[in-house]
Amino acid sequence: MSAGGDGEDVPELSERPVRVAITGATGRMGVELRELAADRDDLTVVLVVSRSGDDTDDELEDAADLPSLLEERDPDVLVDFTGPESSVEYVAACVGTEIPVVVGTTGFSAEQNAALEDAGESIPLLKAANFSRGIAGLRRAVREAVSALPGYDIELTETHHNGKRDAPSGTANTILDDIETERETDNRVHGREGDQPREAGEIGVHARRAGDVTGEHEVLLAGNHEVLSLTHRAGSRGVFAAGALDAAVWLAGREAGRYDFSDVIGDSR
Ligand SMILES: NC(=O)C1=CN([C@@H]2O[C@H](COP(=O)(O)OP(=O)(O)OC[C@H]3O[C@@H](n4cnc5c(N)ncnc54)[C@H](OP(=O)(O)O)[C@@H]3O)[C@@H](O)[C@H]2O)C=CC1
Ligand SMILES: O=C(O)C1=N[C@H](C(=O)O)C[C@H](O)C1
């Protein structure tokens, strides 16, 4: 079985393809996941679930029946890119049927995050706001830069398509958490208006929604008469879908617990 990452702790699964279930199958990411999965031989899609349905697609099953469908189809892992409420509901169905779950959904409230943490006590649960390897690289670079440039002003800007609901993006929030850990501060300022200069230590956050931009994140560090700009641009949703499917193959057969995409790619820092 292909596990990627550090090659350690790979579960003793048979060599058959990993059986995957996909929720939110009509969504932007759901469609991408199904397309990419069809080209892979390390996994096979055994269940696609939709809340809204599509008369032209007879593989789609009704999301309302998820618990019984999971019993019947017995996937090794479920991949969820939907919305916060549905994601929590689908994860509960996975807990009930002891099926590992990869969560790519973003925009959870603190209470919803706590419910997912609880689920990770009884099933393997891998949640990540971004399944791109480039973003993993950006996070490392940002942590290095923040640590190397104390006192520099930091502004984060993210840009996404006009259909995205949550703002700032889950990725932006993850990068901001990294920055705050490095700086030992939490002073986010969302957008800017009014009549006052920037205060030292603020971390500016800007979310833009426009057209069909797949996803861009820029962290700007400025001070001492210089500017450092670190930027990631996703060229297509295939980047996220490929990473999520790698995560699904990696997660199947693992022990219960909370995992992150960094575990899949062996990024220890
Ligand atoms: N971690 C990562 O790398 C990435 C994360 N994302 C995140 O994934 C999520 C989905 O993104 P995207 O595919 O663009 O969104 P879409 O709106 O295109 O698709 C989401 C799908 O989820 C289902 N859904 C949405 N709301 C509900 C609900 N309230 N109840 C039940 N089902 C619902 C619907 O599918 P159906 O009707 O078929 O059930 C819908 O089509 C977002 O949170 C986004 O931020 C996106 C890209 C990358
Ligand atoms: O909704 C999206 O499209 C994306 N969402 C994720 C996020 O909120 O960070 C990841 C990616 O940027 C695309």
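The protein is divided into domain 1 (18-131 + 237-265) and domain 2 (133-233), with bounds taken from an automatic or database domain assignment. This is a predicted model, in which local features need pLDDT of at least 70 and side-chain atom pairs count only at pLDDT 80 or more, while totals for chains, interfaces and linings use all residues. Residues are numbered from 1 along each chain as its sequence is written, and chains are lettered from A and ligands numbered from 1 in the order in which they are written.

- The centres of domain 1 and domain 2, taken over C-alpha atoms, are 28 Å apart.
- Domain 1 brings 9 residues to the contact and domain 2 brings 11 residues; two residues are in contact if their C-beta atoms, placed from the backbone, lie within 7 Å.
- On the side of domain 1 that touches domain 2, helix H8 (residues 261-265) gives the largest share, 3 residues. Helices here are DSSP runs (H or I, at least four residues), numbered from the N terminus.
- That side of domain 1 divides into 3 nonpolar, 5 polar and 1 charged residues. Ala, Val, Leu, Ile, Met, Phe, Trp, Tyr, Cys and Pro count as nonpolar, Asp, Glu, Lys and Arg as charged, and the others, Gly among them, as polar.

**Around ligand 1**

- Ligand 1 is surrounded by 27 residues, and the closest are Gly 24, Gly 27, Ser 50, Ser 52 and Ser 86. A residue belongs here if its C-beta atom, placed from the backbone, lies within 6 Å of the ligand.
- Helix H1 (28-38) and helix H3 (84-97) each supply at least two residues of this shell, and H1 has the largest share with 3 residues.
- By class, the shell holds 8 nonpolar, 15 polar and 4 charged residues.

**Annotated positions**

- An unreviewed UniProt entry places the feature "binding site" at His 161, Gly 170 and Thr 171; such annotations may be inferred rather than shown by experiment.
- Gly 170 sits in helix H6 (residues 170-183), and Thr 171 lies in helix H6 too.
- Gly 170 is partly exposed because 18 other C-beta atoms lie within 10 Å, whereas Thr 171 is buried because it has 24. The cut-offs are 20 or more other C-beta atoms within 10 Å for buried, 12 or fewer for exposed, and partly exposed in between, with C-beta atoms placed from the backbone.
- Leaving aside residues up to four places away in sequence, Gly 170 touches Thr 106, Gly 107, Ala 129 and Asn 130.
- With that same exclusion, Thr 171 touches Ala 129, Asn 130, Ile 135, Glu 158 and His 217.
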